[in-house]
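Colleague: Thanks for sitting down with me over this one. Could you take me through how its side chains pack?

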Amino acid sequence: GVLRQLLVEGVWAGVGSVVVFLPQILLLFLFIGVLEDSGYLARAALIADRTMAKVGLQGKSFIPLLSAYACAVPAILATRTIENKRDRIATILIAPFMTCSARLPVYTLIIAAFLPETPLFGPFLGTRAAALLGLYVLGFLAAVVTARVLKSSVLQSERTPFVLEMPPYRMPTLRGLGLRLLDRAKVFLQRAGTVILGMSVALWVLAHVPLKNGAAPAIAESFAGTIGRTVEPLIEPLGFNWKIGIGLVTSIAAREVIVGTLGTIYGIEGDETGASLQEALRHDLTPAGAIALLVFFAFAMQCMSTVAVVKRETGGWTWPILQFTYMGVLAWVGAFIAFRVVTALLA
């Protein structure tokens, strides 16, 4: 019985709730793969050079920033092509603001749960697609403003000439794109089978201890519930309760872990309303709280892999600590403003 509960409530509810978003993530990688394999990406960097100069960067920063829409880790590694050290550090610091594939499960889940789909421009754009596009724009604007502040202050430097070898145009091959997607699917499933699985199992265990009279406690009285209650005073002004608090703590390992965490929590509770994860969320979040959570994830770092690679690429802990703190404070303030504004508008 215990093993069955672990598999159903912990593994299946946690990992399964994240894996279902793999098709949407692969579509994003397909789009970026077409740009790279066609040879257009280098030319786009040349075109973007003059625009990037307005925020103090150069065209070579464009390629890592575009790659960050797939994942910030390889994007940060790609900044090695930038000769100017200060330009490179600035690019590293703003890359996590780009909406990476790990944010898609969070965005998709919350948007689908709280925003009804209605057409805006006929069949081409609906309200959910517009909301998702708005979150991409929000992250991009945060990156632009941050880059401008950095390049006009602590990372100010002389502009360097843009020199980049242009590859020939070529037609992307189905084999090349297929291998790329297969590789990204393996990486995603590996994370689902390690980080997310580990978090789901650990959360399930924490939600079942300490035992009371030989039985598992209510999740609110468990160690997991204690973690949520501890952080609740900090996040309550944002419209989040202790369950969301558990998700925010576990998502520090990887952004998409919050989806698995919530799946595990509601699975342990027995899904008492017979509802899906989206419907269960509507019992714990108001529309204003949902928007605040979207804004929080648009700004927050929430990825230890990115922190580790920033530490390695910058040669110390100073920049990653400053980056994590800055993005965390910005996320809290942005979510607080969003919650208050939406609450006032809906009042």
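Colleague: Which residues have the most contacts inside the largest nonpolar core?

Modeller: This is a predicted model, where local features need pLDDT of at least 70, side-chain atom pairs count only at pLDDT 80 or more, and totals for chains, interfaces and linings use all residues. Residues are numbered from 1 along each chain as its sequence is written, and side-chain values use heavy atoms, leaving out hydrogens and water. A nonpolar core is a set of buried Ala, Val, Leu, Ile, Met, Phe, Trp, Tyr and Cys residues joined through side-chain atoms within 4.5 Å, and buried means under 20% relative accessible area (exposed is over 50%, partly exposed in between; 1.4 Å probe, protein chains only). The largest such core has 82 residues, and the most contacts inside it belong to F240 and L248.

Colleague: Which helix gives the largest share of this core?

Modeller: Helices here are DSSP runs of H or I with at least four residues, numbered from the N terminus. The largest share is 10 residues, and it comes from helix 14.

Colleague: What does L248 contact beyond its neighbours in sequence?

Modeller: Contact means heavy atoms within 4.5 Å. Leaving aside neighbours within four places in sequence, the partners of L248 are I235, F240, I258, L293, F296, F297 and Q302.

Colleague: How many aromatic pairs does a search of the whole structure find?

Modeller: Rings of Phe, Tyr and Trp (its six-membered ring) pair if their centres lie within 6.5 Å; planes under 30 degrees apart are stacked, over 60 edge-to-face, and the rest tilted. With that rule, the search of the whole structure gives 6.

Colleague: Why is the pair of Y69 and Y136 classed as it is?

Modeller: The ring centres of Y69 and Y136 are 5.8 Å apart. Their planes meet at 20°, so the pair is stacked.

Colleague: How many residues apart are Y69 and Y136?

Modeller: Y69 lies in the loop between helix 4 (62-67) and helix 5 (72-78), while Y136 is in helix 8 (residues 127-151).

Colleague: What angle lies between the planes of F240 and F296?

Modeller: F240 is buried, with a relative accessible area of 2%, and F296 is buried too, at 10%. Their rings form an edge-to-face pair, 6.5 Å centre to centre, with the planes at 85°.

Note on methods:
Helix = DSSP H or I, 4+ residues; strand = E, 2+ residues; numbered from the N terminus.
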